[in-house]
Amino acid sequence: PSWLVAGAPDAAAADCVSLARYDALKRTPLDVLDGGGKQDPYAVLRIPFLAGRTRIRQAYTAVCRVEHPDKHGGRESLEWRMAEQAYRTLMDTEERSRYDSSRITQNALSFTERIFEFGASVVTSLQNFVAEGLNLPKT
């Protein structure tokens, strides 16, 4: 749309739009870490956990359209490298299985830990309640 840049031809306006989209894609590896501190390939490709192979390929293709080194004078961007690694991880059946298993296990342990924290909090609150109740003056 030429209205983005006053008086600019459509080609210049299109460049502005593509640059705006490109800036929105810039992330660091810290932005896509899972709970275990590893790079989350699903977050890198912006797809849901346990997405199918077709969805993975579509997401990777979308990143390639913007980040491919041929579009940037042969330079590999960080986003390109992260997407390439994520794609390799998710398309390799064994590697994906290892990642998914570790993520599921980690989430289960985290959930169990939160249950124990909640239980400890309830016990502490109950102890405080009983202790305060025993110290009440008799009326």
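Visitor: At 45% relative accessibility, is Arg88 buried, exposed or partly exposed?
Guide: This is a predicted model, in which local features need pLDDT of at least 70 and side-chain atom pairs count only at pLDDT 80 or more, while totals for chains, interfaces and linings use all residues. Residues are numbered from 1 along each chain as its sequence is written, and side-chain values use heavy atoms, with hydrogens and water left out. Buried means under 20% relative accessible area, exposed over 50% and partly exposed in between, with a 1.4 Å probe and protein chains only. The value for Arg88 is 45%, so Arg88 counts as partly exposed.

Visitor: Which residue forms a salt bridge with Arg88?
Guide: A salt bridge here is a side-chain nitrogen of Lys or Arg within 4 Å of a carboxyl oxygen of Asp or Glu. For Arg88, the closest N and O atoms of the pair are 3.9 Å apart.

Visitor: Which helix holds Glu84 and Arg88?
Guide: Helices (H or I, at least four residues) and strands (E, at least two) are DSSP runs, numbered from the N terminus. Glu84 and Arg88 lie four residues apart, about one turn of the helix. The element covers residues 78–91 and is helix 4.

Visitor: What is the N to O distance in the salt bridge of Arg96 and Asp100?
Guide: Arg96 and Asp100 are four residues apart in helix 5, so about one helical turn separates them. Arg96 is buried at a relative accessible area of 13%, and Asp100 is buried at 10%. Their side chains meet with an N to O distance of 3.6 Å.

Visitor: How many residues apart in sequence are the parts that Asp40 and Arg103 tie together?
Guide: The side chains of Asp40 and Arg103 meet in a salt bridge of 3.1 Å, N to O. Asp40 lies in the loop between helix 1 (10–25) and helix 2 (41–45), and Arg103 lies in helix 5 (residues 93–134), so the pair ties together parts separated in sequence by 63 residues.

Visitor: Are Asp40 and Arg103 buried or exposed?
Guide: The pair is one of five salt bridges in the structure. Asp40 and Arg103 are each buried.

Visitor: What is the phi of Arg46?
Guide: Arg46 is found in the loop between helix 2 and helix 3 (53–67) and is partly exposed, at 39% relative accessibility. Its phi is positive in a residue other than glycine, near 55 degrees.

Visitor: What is the phi of Leu50?
Guide: Leu50 is found in the loop between helix 2 and helix 3. Although Leu50 is not a glycine, its phi is positive, at about 65 degrees.
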